[in-house]
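Please consult the sequence and the structure shown here while reading.

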Amino acid sequence: MSDDRFTALWVESTANNQFDQRIIERSIDDLPEGDLLVDVRYSSLNYKDALSASGNPGVTRNYPHQPGIDAAGVVIEDKSGRFAAGDEVIVSGYDLGMNTAGGLGQRIRVPANWAVALPQGLSLKETMIIGTAGFTAALCVGKLLHMGASPSDGPVVVSGATGGVGSFSVALLSHLGFQVAAVTGKLEQSEWLSSLGAQQVLDRNTLSEPNKKPMVKPQWAHGVDCVGGEILSNIIKSLQYSGSVAACGMTGSPSFQSSVFPFILRNVNLLGVDCVELPLSRKEENWQALATTFKLPKLDAMAETIGLDQVPEHLTRILNGHAVGRYVVDMQS
Ligand SMILES: NC(=O)c1ccc[n+]([C@@H]2O[C@H](COP(=O)([O-])OP(=O)(O)OC[C@H]3O[C@@H](n4cnc5c(N)ncnc54)[C@H](OP(=O)(O)O)[C@@H]3O)[C@@H](O)[C@H]2O)c1
């Protein structure tokens, strides 16, 4: 392949609003304008990639499209002067992989201020084991800590626990000394969740039942919610006094119901988390934390490494809620 050609996942709309995924060869001349051209070494799979690759207009409006909201690689050129050729960088969030050609291609061209220099203490591959999911888990846990959460407060509940954000949240909270209760629809993964540090594994159904009471017995000191809907409603109702829940996802439902009672009678906090438009300086801080105080001892065990040709089948599993943990894509395999 000549130097300006590269391989990428390509999503096209076909008849009847269907979306077809295949691996194609592209030219760097087809990439959008931008200062920073990156040789992508690793990418990762996230729920949002599954939405983009299946035609979700809330994520990607224009097809055909090269998805991938995560990329880690080596700078080929940077016209802005911020990076030198050969520098190692992470690009995630902003418009990457949404309507801008993303990290599931061996080349991306983006604004230089979308990139973070690889922090000392992490390899390119490790940053993609973490990826957007682990990065978001760190933001959730960081917000809980910012609110004063401490292991002595009691158990922290994590929903969507076998997913990317959920599994990283379980592992990170446990690493920081918290007791973790993992809520999952995949009880067969209980042993794996325990190996990540969950002290309790709960069937998703026990938290999915609608409950008309505005509050129930306080059970959780804090929470990380990846699914929204009834589960988020039930977590809010069962937080202890001054508890906080970081809400970051919607795999169950984008909406939820609550009265104001938990907020005004139990002083609880609902914390919003967004990793996409976070200012670059905050992204740099979060990556620093992930490379130091939040660095998990067994990062390698958190993800399965796959090749680009295996991406379509894994995106389908993610979309159907059957995936477990994280998937790193080796873009050179
Ligand atoms: N706010 C942000 O900046 C941000 C960043 C990253 C991700 N997110 C969002 O966070 C969520 C999780 O992302 P992810 O990458 O971790 O996804 P993921 O790896 O696909 O994990 C999602 C998990 O949600 C659970 N789940 C799936 N379908 C469900 C349903 N119908 N009802 C209840 N639970 C269900 C499953 O876990 P169990 O089987 O264990 O229950 C699944 O493994 C997504 O909504 C994503 O868009 C937001």
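Is Asn267 buried, partly exposed or exposed? The model is a predicted one, in which local features need pLDDT of at least 70 and side-chain atom pairs count only at pLDDT 80 or more, while totals for chains, interfaces and linings use all residues. Residues are numbered from 1 along each chain as its sequence is written. Asn267 is partly exposed, because 13 other C-beta atoms lie within 10 Å. By the criterion applied, a residue is buried with 20 or more other C-beta atoms within 10 Å of its own, exposed with 12 or fewer, and partly exposed in between, the C-beta atoms being placed from the backbone.

Asn267 belongs to the loop between helix H7 (261–265) and strand S13 (269–272). Helices (H or I, at least four residues) and strands (E, at least two) are DSSP runs, numbered from the N terminus. The phi of Asn267 is near 65 degrees, a positive value in a residue other than glycine. Asn267 is 24 residues from Gly243 in sequence, and the two are 7.3 Å apart in space, C-alpha to C-alpha. Ser242, in strand S12 (residues 239–247), also has a positive phi, near 70 degrees. Ser242 is partly exposed, since 15 other C-beta atoms lie within 10 Å.

## Strand pairing

Strands S1 (residues 5–13) and S2 (residues 19–27) run antiparallel and are joined by nine bridges; two strands count as paired if DSSP finds at least two bridges between them. Ala8 has Ile24 of S2 as its bridge partner, and Glu12 stands opposite Asp20 in S2. The two strands form a hairpin with five residues between them, and Asn16 in the turn has a positive phi of about 55 degrees.

Strands S9 (residues 180–184) and S10 (residues 200–203) run parallel, with four bridges between them. Ala182 has Val201 of S10 as its bridge partner. From S9 the chain passes through helix H4 (residues 190–196) to S10 in a right-handed β-α-β crossover. Right-handed here means that, with the strands pointing away from the viewer, the path from the first strand over the helix to the second runs clockwise.

## A cis peptide bond and a covered helix

The peptide bond from Tyr63 to Pro64 is cis, with omega near 5 degrees. Pro64 lies in the loop between H1 and strand S4 (70–78).

Helix H6 (residues 229–237) is mostly covered, with seven of its nine residues buried. Among them are Ile231, Leu232, Ile235 and Ile236, as well as Lys237.

## Ligand shell

The ligand is surrounded by 31 residues, the closest being Tyr47, Gly160, Gly163, Thr184 and Gly249; a residue is near a molecule if its C-beta atom, placed from the backbone, lies within 6 Å of it. Helices H1 (47–52), H2 (124–146) and H3 (164–175) are the elements that give two or more residues to the shell. The ligand lies between domain 1 (5–118 + 298–330) and domain 2 (134–272), because both give residues to the shell around it. The domain bounds come from an automatic or database domain assignment.

## Nonpolar core

A nonpolar core is a set of buried Ala, Val, Leu, Ile, Met, Phe, Trp, Tyr and Cys residues joined through C-beta atoms within 7 Å. The largest has 102 residues, of which Val91, Val158, Val170 and Ala182 touch the most other members. H2 gives the largest share of this core, 11 residues. Domain 1 and domain 2 both give residues to this core, so it lies between them.
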